[in-house]
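Trainee: Please take me through the aromatic pairs and the chain contacts of this model. I would like the general idea first and the case after it.

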Amino acid sequence: MKKIERKDFLKLGGGAVLGGLSGWVFSGAPFLGFQWLAEWTQDQYVPVKGFEKYAQAVSDSCPAGCKVSVRMIGDRAVKIESKDGVCPACHNALQLTYHPERISTPLKRKGDKGDGKFVPVTWEEAVKEISSKMNSLITEGKANSIAAINKNESLNGQLMEKFIKAAGSNNVYYEPSLKSLTSSALGGYINYDFANTDYVLSFGAKLVEGWDSSADMQKVFTQWKTKGTKIVQADTVCSMTASLASEWVPVKPGTEAVLAFGIANYLITGRRLNSTGEEFGKWSQLIINKFPLAKVASYTGVSEERIKKIGDDFSKAKNPVAVSGKGACGVNASSAEIIAVYCLNTLVKSKAATLMTNSSVTYKGEFAGLDSFIKDGKFSMLFLNNSDPVYKSVLGEDLKKKMEKAFVVSINPIMNDSANYADIILPSLSFLESETPENKAVVSNFKESKDAKDIIIALSKSLDKTKDTFSFASGIDSFKVAGKETASGAKFSFNVDKIKNDIDALDKKFAANAEYPLFMIPVEAPLVGDGDGLAFPYVLKSIDPTVFYKGKLLVQINRETGKKYGLSENESIVIRSARGKLDKVYVHLTDTVAPDTVAMPLGFGHESYTKYGSDKGVNPKKIMAADVDPLTGTADWWSTRVKIS
Amino acid sequence: MKEKVKEVKMKRRWGMAIDLDKCTGCGKCSVACNQENNMPIFEDDSDVPKRVAFLELMKVTNDRDAKFPDVKTAYLPKMCQMCEGNDPKNPNPPCVSVCPAVATDVGDDGVVSQIWSRCIGCRYCQTACPYEARVFNWWKPEYEGSFKKSLSTDVSVASRGTVVKCTFCSHIWKRERDAATAKGILDINAVLYTPACAGTCPTGAIVFGDLNDHDSEVYKLTQTDRAVRLTNPVDDVKDADKKKSLLKAKQFTNPKVYYLTSQQWLRDMMRFKKNS
Amino acid sequence: MEILKKWFKAGYDGIFEGTSKNMRIALYVLIVLSILFGIFAIQILFWGLGYTDMDNNFAWGAWIIGDLGLVALGGGAFTTGYLLYIFRVDKLRPIINSTVLIGFMCYLFTFVFLLFDLGQPLRAWFGFAYPNWGQGVYPVSMLTEVFFCLSLYFCILVVELIPTVLEHKVLIKNKYVAMVAHYMHLLMWTMAAGGTFLSFFHQGSLGGGMWGVLYAKTVWYAPHFFFMAVVAAMAGGTSFMTLVPYIAGKIMKKEVVPMETYQILTRISGFIFIFYFIFRSYDIYAAVYKYAPMGGREFIDMWGGYYGIWMLVLEMLLFAGPLIFLNIKKYREQEKFMVIGASCGVGAIVVSKLSVLLHGFSAPNFPWKGFTAYGPTFQEWIITFGVFALMILIYMAFVKWFPLFPHLEHNEHDAHH
């Protein structure tokens, strides 16, 4: 046998390597390797598979009680569907339920208030601390210094009201809403029979953009479209409602009330109509004297002829209705305005607006409303039931200061600006996790969080004074005692003495002002609303680039006004009002906004609303007008005199 | 059995009609689309040109040509327009032919599909698309912590550097077909479906259906005078001969998504011409 | 450690020994750019394209401009090769090595740019594995064509470049190497022919077809784009091939290529520029009166914005250079005018590519949107200029260590005797 020499060995080896290599290449292995490398380097997440089914849920945390159908994969909820329409908050419930910054256990404050430092405690410790604090206040005879702020009138809000009242305090307030404002101004909120109206006269109510119960309003809107209902919208910006309305009445910022006075004046003097409301004579005298049509025309920018035309159309319609409550999710109107607009309904004897009350909810406490409570009230202990007054109230900064001196308990599923000032935070649920009499919970409770209803019941049981408030031990039973809506039967009163000052002050408000020549009014972006949506990434994903773009919050200013002030698109400006200034806002020039108006998006500028919602833009409430209305106890922040530089 | 399934011819040609006079801009379609299609979740999604979303709720105003108060506003939900080119029988969307890796194709139901895992990320299709309907994963799609629990198993999570797009939620159709198959119905044409956006629209502005079925609501809507397609200039040519010669000279997108509106300003805004 | 130091020193001396101060600064800049290129390349390849200013609207940016420019200018390599090997214009021989090297690098770095532009570089081979060929002989997707043509042409350029490497004074001493080099030279015409065919195709696709097939985008749609890009590459490429060795010669203060060769190439370039100018004028005419109205738009509305009319005007001004200086013998024979003419020619081609890309993406797709601007990020600039720096370095290395300019060697050889 021939001896294998070194050369041959090398040849053989080389051949083997070459052959192996080509075999490897042609086998496709390297390409498979690339594929693995791609998958490995990119770490793609694969959702966990599971049995597919649908579960039903009814929201117990929104006042509309949205009914949804939830698509489930195993025990995970992956999609919210609804045949009946769903409000933005409930539509986003998945992102609340699975929010990575859900509060998992009761928390106790560690550092200074506002630092956001908390340590976990057990439920027993938390409840014990709260009840001992409450007990000592009650025994000291300071029960009335215990207060609560509810987000809305949902069942847990009603339970909270019962609990606090049972403890001996009168101070239960609600975040201002259409219901709370109208209830306080008129003695009952208005139940609109929109389905049967043929003429809707809206004073800045952005009817299809989140106003009142948004899911219902969308349905109402389709009915209007098919029936050809006439919609007349008084608005300062070309909102969607204004654009979809049959007629848009462009008014100068904040003059919706004046327009209502003008129309009322015309209907009373020109068409000899009467209202049955108390003090009508006194009120009509005041309006007729103070607001002749020429003056109304100059204030609102709507011609006398047009005011008369609207008055004629309105009064001649078969079933007209006038709607007050400017805004969409964040509603605002002075009592003078609500009364004036409701007066129009009474003048034409509208069948479509009925005053209602809820047996379990009183919007007034020791003070007329939340803002007057923040301004003048004193409290040693405060319950926040899913509410965020620090962010939403124009007096939020004042509230912060008062909260620093009080013992604050916050019940909410994720952090917000107000909870950041709490001593104890109790984690509550998203509605997908809570049980209702009709349905079981769709997903199980997140870690140690509990149903807000159960939390409130447990708190009441822990106190001697309140332990008999509720005859049941579990939140699920509380559905039986939910408040009933009934016609208020209250006699509508113009309350002239209370609102006269506000009406008098209008002259000053609309007089030329050299220092603050412009008006700032709020606008809302879809889904963001007045701020609740901002913690949810899919809301962030839908924000239009003309509102919030590359981290910059844009205010809308009319082109002519922009020219007057030498502004260019995307330019940074500072907005100043008598109450302060807003930095880091940028200009978007558009003719959809009235001249001399700064249209400011609401809902931005949270301080601690999870990392998704925080530090985005500015919160205009900080500089908005803060004159508190005597009847509603809510600040009249809609239009604020500002200057820009 | 298998033979039988093969014989069944595709009847469907999915299309959509969106009534802009009914659209209130509530944004539910956008949220539903994001949920259904596992859209990535970012801390700050305000870099709109790099945003990954299949459905864009575009705000349209006519203030380019009009002054206050003669202005109007509308929201226009824009998804993939499912172009079919000049010949519906031989669809030719601008994006499909350019793909170097056959990652995108047009099915015989007219839906322009995209396979995330085949895409090499060259973005030629984005360049070709005149509707900005295709989005690229500029960053790795993120789903922080427990957000992962809300992910659907029907749509695969895309990796960084791939182009993704609206598919008319065709996975829902597959889901419905699977359910039908379980009941013994094997005909592909037996099942209809509703994409997430159309299913959630509270005012019923989005209507989805089969354009080949002349009894369907969507077909009837597309035949009305109110129907208008986005920037498709050949639609404006009323003269039949002229139209024919134009179609002979050049491909047009001819989308299967129709917008409905009787507002002239909005119709004008959907064309590159001044408001009348 | 000591060894590393020694190596470093040897390398340093090898590169910098005997260089002037200016040269040294230039080298430092180029090397720093190349290193930064390496660093940011890792960032882009590993963490994605989010770091660029490209977006869903401006889907391609600086790198595709690099691609278009490199391919168009690199097209000079095939034109020159074709003239030399097929038409036997032997006076072009002194420049052919440089030309082939430039062509090689242009295509190599087109690959590099393309790879950076891919969101999934690890899936680049899908282009070969799942080509979008469609029914016919010719692929449906321009990029499929790019994948195949570019690869093949790149292989050809490698083959064309090998003799230059083999002719290195150390290697050529080996008789096998010398033989291979010799026969490769003899067979080069086949390569040139194949290369011309492929490059022709390829010019059309990456340079033109890439845009012309986008029927839905009125800004780009022009069915003749394909052919115009071929003419553009021939016109601009030849100018570029003149310019590079000319600059090298100026820096080295030596006559690297005889003037005669420059004259032939620039004359050809100038001649083709006439055709290109006519073609481009027709292109604009067709856009204004035919394709813009077809797409329901007005040319003047479409060509506003940040990169609109002024780029067209600039391109037209630059056209004057090659048209006048390269075609009129009196001017061409003056070195100064020849260089100005060739530079303007290269400029005109680059500006036309810039305008196609920047303007095309900038023009709004929807009537309610405005023109958008594109500002490349630091990473994009670095990768773009890093590639150019690498190209210059490679060219310099070849000048220094390989017989890139046979003319120069002959002269030196003569001087020795």
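Predicted model: local features only at pLDDT ≥ 70, side-chain atom pairs only at ≥ 80, totals over all residues.

Trainee: How is a pair of aromatic rings described?

Mentor: Two quantities describe a pair of aromatic rings, the distance of the centres and the angle of the planes. Rings of Phe, Tyr and Trp (its six-membered ring) pair if their centres lie within 6.5 Å; planes under 30 degrees apart are stacked, over 60 edge-to-face, and the rest tilted. Over all chains this rule gives 73 aromatic pairs. One of them joins Y306(C) and Y307(C), 6.1 Å centre to centre with 55° between the planes, and is tilted.

Trainee: Is Y307(C) buried or exposed?

Mentor: Buried means under 20% relative accessible area, exposed over 50%, and partly exposed in between (1.4 Å probe, protein chains only). Y307(C) has a relative accessible area of 10%, so Y307(C) is buried. Y306(C) is at 47% and therefore partly exposed.

Trainee: Why is the pair of F385(C) and F388(C) edge-to-face?

Mentor: Because their planes stand at 80°, with the ring centres 6.0 Å apart. Both residues lie in helix α14 (residues 378-401) of chain C, 3 residues apart, about one turn of the helix. Helices (H or I, at least four residues) and strands (E, at least two) are DSSP runs, numbered from the N terminus. F385(C) is partly exposed at 39% relative accessible area, and F388(C) is partly exposed at 28%.

Trainee: Which residues do ring pairs link into a cluster in chain A?

Mentor: F261(A), F280(A), W283(A), F291(A), Y342(A), F492(A) and F494(A) are linked in this way.

Trainee: Which charge lies over the face of W637(A)?

Mentor: A charge sits over a ring if NZ of Lys or CZ of Arg is within 6 Å of the ring centre and within 35 degrees of the ring normal. K621(A) lies over W637(A), at 4.6 Å from the ring centre. In chain B, K250(B) lies over the face of F252(B) at 4.5 Å.

Trainee: Where is S478(A), and what does S478(A) touch?

Mentor: S478(A) is in the loop between α18 (452-461) and β17 (485-487) of chain A. With a relative accessible area of 0%, S478(A) is buried. Contact means heavy atoms within 4.5 Å. Leaving out residues up to four places away in sequence, S478(A) touches L155(A), L159(A), K453(A) and F472(A).

Trainee: How many salt bridges does the rule find across the interface of chain A and chain B?

Mentor: A salt bridge is a side-chain nitrogen of Lys or Arg within 4 Å of a carboxyl oxygen of Asp or Glu. The rule finds 6 across this interface. K79(A) forms one with E36(B), the closest N and O atoms being 3.1 Å apart. In total, 69 residues of chain A are in contact with 65 residues of chain B.

Trainee: How many residues make the contact between chain A and chain C?

Mentor: Chain A gives 8 residues and chain C gives 5. The count of salt bridges between these chains is 0.

Key
Residues numbered from 1 in each chain as written. Chains lettered and ligands numbered in written order. Heavy atoms only, no water.
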